[in-house]
Amino acid sequence: SEWRGWPTSMKHFTVHSQLIWPLWLLAASFLAGPARADDATDQYIVASGFFKMNRFDFAAEEYEKFLKAYPKHEQVPEALYFLGESYYQLDKLEDARSRFREVVAKHPGSRNFSYALYRVGETSHLLGDSKAAEPALVEFVTKRPDDPLLEFALSNLGRVQLQLGKFPEAKATLTKAIDAVTKSIQKVSKGQVVDQVQTDRL
């Protein structure tokens, strides 16, 4: 299945990456012998390779293996985040939210913390859990006022607030969402948009 979830400007699964990652997987298989010291890195490379090839089912399986075998490894926060992304792409939203929540709760210093926080809010909204969605989205828009995902976070937050019957708050939030979209369009017209792709963080 194809990657979904981030705005179009944030995707670039290129043909180049599709060709390169099978070679990484092959290399990892050769390095996995007894002479290889860091089996954890090999396991992470395999999982990330499947993720970059959009094989989210295999990626989820390999990230699960990594987390079970190496629970104290330095790449656990990244593995948890991309495991959540894998489940998100597979429409396993409860599983995805659980992993994103674990990143937020246990790894606040992770480089993917803010994106995990956004996903907690988004998956909660998609699951119809507005009470859980609101605080996560509020925290995201507060902490990431210049993030490319701001307009989407504000839009989701506005809809959540409508569902909660918070009409004045929803009106203010959706007004901010419109402003954010306008600024985004202006940046595109000036050629100032920088492509930010989550898979570059693997």
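Reader: How do helix α6 and helix α7 pack, at what angle and how far apart are their axes?
Author: In this predicted model, α6 covers residues 113-126 and α7 covers residues 130-143, and the two pack at an angle of about 150 degrees with their axes 7 Å apart. Since angles over 145 degrees count as roughly antiparallel, that makes α6 roughly antiparallel to α7.

Reader: And is the crossing left-handed or right-handed?
Author: The crossing in which α6 passes α7 is left-handed.

Reader: Which residues meet there?
Author: On the α6 side they include F113, L117, Y118 and V120, and on the α7 side they include A133, A136, L137 and F140. By class, the contact of α6 with α7 has nine nonpolar, five polar and three charged residues.

Reader: Switching to rings, how many aromatic pairs are there?
Author: The count comes to nine aromatic pairs. One of them joins Y44 and Y63, whose ring centres are 6.0 Å apart and whose planes stand at 65 degrees, so this pair is edge-to-face.

Reader: Where do Y44 and Y63 lie?
Author: Y44 lies in helix α2 (residues 39-52) and Y63 in helix α3 (residues 56-69), so the pair ties together parts that are 19 residues apart in sequence. Y44 counts as buried at 4% relative accessibility, and Y63 counts as buried at 0%.

Reader: What about F51 and F56, how are their rings placed?
Author: Their centres are 5.3 Å apart and their planes at 75 degrees, so that pair is edge-to-face. Both F51 and F56 are buried, and together with Y81, F82 and F100 they form one aromatic cluster.

Conventions: Residues are numbered from 1 along each chain as its sequence is written. This is a predicted model: local features need pLDDT of at least 70, side-chain atom pairs count only at pLDDT 80 or more; totals for chains, interfaces and linings use all residues. Side-chain values use heavy atoms; hydrogens and water are left out. Axes are lines fitted to C-alpha atoms, for helices over the stretch in contact, and angles run from 0 to 180 degrees between N-to-C directions. Helices (H or I, at least four residues) and strands (E, at least two) are DSSP runs, numbered from the N terminus. Angles under 35 degrees count as roughly parallel, over 145 as roughly antiparallel, 65 to 115 as roughly perpendicular and the rest as oblique. A crossing is left-handed if the near helix is turned anticlockwise from the far one by less than a right angle, and right-handed if clockwise. Contact means heavy atoms within 4.5 Å. Ala, Val, Leu, Ile, Met, Phe, Trp, Tyr, Cys and Pro count as nonpolar, Asp, Glu, Lys and Arg as charged, and the others, Gly among them, as polar. Rings of Phe, Tyr and Trp (its six-membered ring) pair if their centres lie within 6.5 Å; planes under 30 degrees apart count as stacked, over 60 as edge-to-face and the rest as tilted. Buried means under 20% relative accessible area, exposed over 50%, partly exposed in between (1.4 Å probe, protein chains only).
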